[in-house]
Amino acid sequence: MPYFVLASVLCAGSVVAGFLGALTGLGGGVVIIPLMTLALGIDIRYAIGASLISVIATSSGAAAAYVREGYTNIRIGMFLEVATTIGAVAGAIIAGYVSTDVIAVIFGFVLFSSALQAFRATHDIAGAEMSSPAAVRLRLPGHYPGGGSRQEYGVTGVAPGFSLMVIAGGLSGLLGIGSGAVKVLAMDRIMRIPFKVSTTTSNFMIGVTAAASAGIYVGRGYVVPELAMPVMLGVLAGSLLGSRILVLMHTVILRRVFAWVIIILSLEMIYNGFAGKI
């Protein structure tokens, strides 16, 4: 198809991807990569390269608004980014030795797992009441605006949460999805951070995680400006819109709607991966 048409489709799809990514903390790659590979027939490695650039844009666009509004826990984000960066570099290196069909199947199962997690109830929406000794020493507990006042919350499970972040970084480097699904899982369920704080802190983190592996994809020639530019612009616009809507939405409804979208995309990716169509 003509490049103008391709760029328009990518940009429009990326707006939707950025919107969903900002609302859930999962990053726009969970929609962008299926769009580029399944609908447009683009090689998945080039789709991952463009997605990583878009993930950086998502983080840049949404994170600033969340920090300004007081939802993001910057200290937790900086602490966990140490683990995700290590994993991201390792994942990007491994990606060069894995076939595209295998990457597609792994991508599909990761998405399906994300959808299952979205259907499950969270722990206490307000977060943990008491913090673990490790969290207190690292000064990780915080607060966020809610109900017209400042809501305090504790943090637990520092060691297992940090370990899971290495896996999240590895998935980011391998699949180009920002690995927000695993990040939110670790913070929401293991560290018992309130869901809105988890999603906003995930958005703050995914840009650094993606940047750690994007350099490797650039060096291998998998980041094509003609593809990355419309994706980045669309995701940036969508993420800015999503960051404004998040504070007004009910998180349970958000989880359910997004989970059904992810289930459909994950099954498509798994089928096409096994069929050798990626």
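Q: Between which helix and which strand is the place of arginine 139?
A: The model is predicted: local features need pLDDT of at least 70, side-chain atom pairs count only at pLDDT 80 or more, and totals for chains, interfaces and linings use all residues. Residues are numbered from 1 along each chain as its sequence is written, and side-chain values use heavy atoms, leaving out hydrogens and water. Helices (H or I, at least four residues) and strands (E, at least two) are DSSP runs, numbered from the N terminus. Arginine 139 is placed in a loop, and the elements on either side of that loop are helix H6 (133–137) and strand S1 (142–146).

Q: Is arginine 139 buried or exposed?
A: Arginine 139 has a positive phi of about 55° although it is not a glycine. Most residues other than glycine have a negative phi. Relative accessible area (1.4 Å probe, protein chains only) sets the class: under 20% is buried, over 50% is exposed, and the range in between is partly exposed. Arginine 139 reaches 56% relative accessibility and therefore counts as exposed.

Q: How does arginine 192 count by relative accessibility?
A: Arginine 192 sits in the loop between H8 and H9. Its phi is near 55°, a positive value in a residue other than glycine. Because its relative accessibility is 28%, arginine 192 counts as partly exposed.

Q: How many helices and strands make up the secondary structure of the protein?
A: Along the sequence the pattern runs α-α-α-α-α-α-β-β-α-α-α-α-α. The secondary structure therefore comes to 11 helices and two strands.

Q: What share of the 278 residues of the protein counts as buried?
A: The protein exposes about 11200 Å² (Shrake-Rupley method, 1.4 Å probe), and carbon and sulfur atoms supply 70% of that area. With contact meaning heavy atoms within 4.5 Å, residues 24 or more positions apart account for 82% of the contacts with a separation of 6 or more. Of the 278 residues, the share that counts as buried is 55%.

Q: How many of the 11 residues of helix H2 (residues 29–39) are buried?
A: The buried residues in H2 include Val30, Ile33 and Met36. Just after H2, glycine 41 takes a positive phi of about 70°. H2 is largely enclosed by the rest of the structure, because its count of buried residues is nine.

Q: How are helix H7 (residues 158–175) and helix H9 (residues 195–219) oriented to each other?
A: Their axes, which are lines fitted to C-alpha atoms over the stretch in contact, with angles from 0 to 180 degrees between N-to-C directions, come within 9 Å and cross at roughly 45°. Angles under 35 degrees count as roughly parallel, over 145 as roughly antiparallel, 65 to 115 as roughly perpendicular and the rest as oblique. H7 and H9 are therefore oblique.

Q: How do the residues of the contact of H7 with H9 divide by class?
A: Residues meeting here include Met165 and Gly169 in H7 and Met205 and Thr209 in H9. Ala, Val, Leu, Ile, Met, Phe, Trp, Tyr, Cys and Pro count as nonpolar, Asp, Glu, Lys and Arg as charged, and the others, Gly among them, as polar. The contact of H7 with H9 divides into five nonpolar, five polar and no charged residues.

Q: What is the handedness of the crossing of H4 and H7?
A: The axes of helix H4 (residues 74–95) and H7 come within 6 Å and cross at roughly 35°. Among the residues making the contact are Gly87 and Gly91 of H4 and Gly169 and Gly173 of H7. A crossing is left-handed if the near helix is turned anticlockwise from the far one by less than a right angle, and right-handed if clockwise. The crossing of H4 and H7 is right-handed.

Q: What class does the angle between H4 and H9 give?
A: The axes of H4 and H9 come within 8 Å and cross at roughly 30°. H4 is therefore, relative to H9, roughly parallel.

Q: What distance separates the C-alpha atoms of tyrosine 71 and proline 145?
A: Tyrosine 71 lies in the loop between helix H3 (44–69) and H4, and at 10% relative accessibility it counts as buried. Tyrosine 71 and proline 145 are 74 residues apart along the chain, while their C-alpha atoms are separated by 6.9 Å.
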